Amino acid sequence: MTLGRTIHRGYPSTVRRHAKAGPDRGYRAIALRRGRFSGVVPARTLTVCAALLLGILVLGVVALGIGTVPLSPDQVIGAFLGTGDPQSRLLVLGWRLPRALFAVAAGAALAISGAIFQSLTRNPLGSPDVIGFSAGSYTGAIIVMLALGSTRYLDVAAGSLIGGGITAACVYLLALRRGTLQPFRLIIMGIGVAALLSSVNSALMLFVDSETAMLGAVWSAGSLNGLGTAQLLPMVLVLAVLLIGVAALATPLRQLELGDDAARALGTRVGLARVGAVILGVALTALVTAAAGPIAFVALAAPQIAHRLTRGSGLQLIPSALAGALMLLASDTLAQRLGFPVGVITASLGGVYLAWLLADEFRRRR
């Protein structure tokens with residue numbers, strides 16, 4: 001083992017190389033310390049996070065230049081620096097920036113939700129899209145929109161959260177066996193509940209007038225059109241609160257991945273941690289669904305992309321969030337060019353990824 005001393009952003013840190021299978025192969029990690037807080041982060045994870053963040057910034061500049069009035073990257077950057085013309089500043093800061101920020105925040109929220117459920121189920125298919133929680137949030141929101149005739153953001157958000165919570169409770173109870181949660185049963189029961197709710201959602205469309213049904217159908221595709229500061233600010237505030245809860249549960253979730261007995265031995269309250277994780281995961285999904293509709297497959301694909309990029313194991317919250325933000329921002333940029341709702345783009349790309357994931361799992365089992 002070799003030891004090197006560096007300075008990382010003004011903080012003393014240590015770079016360690018642990019030999020595994022010879023002097024040229026090893027594991028690089030950076031130990032960061034500041035006061036009472038310390039931690040060890042793999043160097044590859046930091047590199048991947050930096051690359052994803054850079055990709056978000058570059059793609060954000062491109063996305064802000066796309067529209068009826070196209071802008072060059074120089075004009076977009078000039079609008080931020082205050083050197084651009086008034087029209088460019090209005091287009092970039094007033095109209096296009098809230099949508100881009102919403103895509104980043106929504107992508108991160110969906111990815112973190114997917115990472116939580118994949119950690120709980122210990123299965124790459126354990127995302128809110130597959131196990132029915134997104135469908136439950138959609139059902140709650142569409143009941144508010146169609147039955148109560150309300151399209152206010154707070155009303156739809158409340159319906160989405162209630163629908164997702166009831167669905168999560170039903171799936172959770174159905175997955176219990178002798179008081180113990182079975183991850184595989186959670187996935188199977190979730191798929192069944194999702195199919196049932198899809199039928200319910202289709203039936204609801206039959207009992208309303210055609211204009212209202214068309215509105216609900218457009219919203220159900222998942223779209224960021226029409227979203228601005230009025231929807232962005234409440235979402236960012238609620239998301240910040242939820243992320244604090246996720247950070248508090250990060251360590252118990254990693255301990256749960258070792259098994260219930262090992263987690264209890266480490267002092268984790270297994271039942272409370274699992275219920276709290278389910279509530280946070282559903283709330284993150286419902287938060288996005290209430291504003292933009294059900295955006296499929298981001299929660300499924302982003303955590304797995306992060307795992308493959310970092311080559312890490314266990315819960316990868318920050319890489320997953322950055323991968324989800326980049327994925328949804330790229331999908332929305334493509335959707336604007338093609339004139340489709342962003343949910344159509346993510347579903348198309350996610351369907352291809354899901355087919356590849358299933359084929360890869362089948363190949364590994366053989």
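Is Arg274 buried or exposed, and at what relative accessibility? Arg274 counts as buried, at 7% relative accessibility, where buried means under 20% relative accessible area, exposed over 50%, and partly exposed in between (1.4 Å probe, protein chains only). This is a predicted model, in which local features need pLDDT of at least 70 and side-chain atom pairs count only at pLDDT 80 or more, while totals for chains, interfaces and linings use all residues. Residues are numbered from 1 along each chain as its sequence is written, and side-chain values use heavy atoms, with hydrogens and water left out.

**Salt bridges**

- Four salt bridges are found in a search of the whole structure, a salt bridge being a side-chain nitrogen of Lys or Arg within 4 Å of a carboxyl oxygen of Asp or Glu.
- One of them joins Arg99 to Asp332, with the closest N and O atoms 2.7 Å apart.
- This pair connects distant parts of the chain, since Arg99 is in helix 3 and Asp332 in helix 12 (residues 317-338), 233 residues apart; helices (H or I, at least four residues) are DSSP runs, numbered from the N terminus.
- Arg99 is buried, its relative accessible area being 16%, and Asp332 also counts as buried, at 2% relative accessibility.

**The Arg274 and Asp260 pair**

- Arg274 forms a salt bridge with Asp260, and their closest N and O atoms are 2.8 Å apart.
- Arg274 belongs to helix 10 (residues 270-292) and Asp260 to helix 9 (residues 260-265), so the pair ties together parts 14 residues apart in sequence.
- Asp260 is buried, with a relative accessible area of 15%.
- A network of salt bridges links Arg122, Asp260 and Arg274.

**A pair inside helix 9**

- Asp261 forms a salt bridge with Arg264, for which the closest N and O atoms are 3.6 Å apart.
- About one helical turn separates Asp261 from Arg264, because they are three residues apart in helix 9.
- Asp261 counts as exposed, at 62% relative accessibility.

**Aromatic pair**

- The search of the whole structure finds one aromatic pair.
- Phe117 and Phe133 form this pair, which is tilted, at 4.9 Å centre to centre and 55° between the planes.
- Rings of Phe, Tyr and Trp (its six-membered ring) pair if their centres lie within 6.5 Å; planes under 30 degrees apart count as stacked, over 60 as edge-to-face and the rest as tilted.
- Distant parts of the chain are linked by the pair: Phe117 is in helix 3 (residues 86-121) and Phe133 in helix 4 (residues 133-146), 16 residues apart.
- Both Phe117 and Phe133 are buried.

Conventions: Helices (H or I, at least four residues) and strands (E, at least two) are DSSP runs, numbered from the N terminus.
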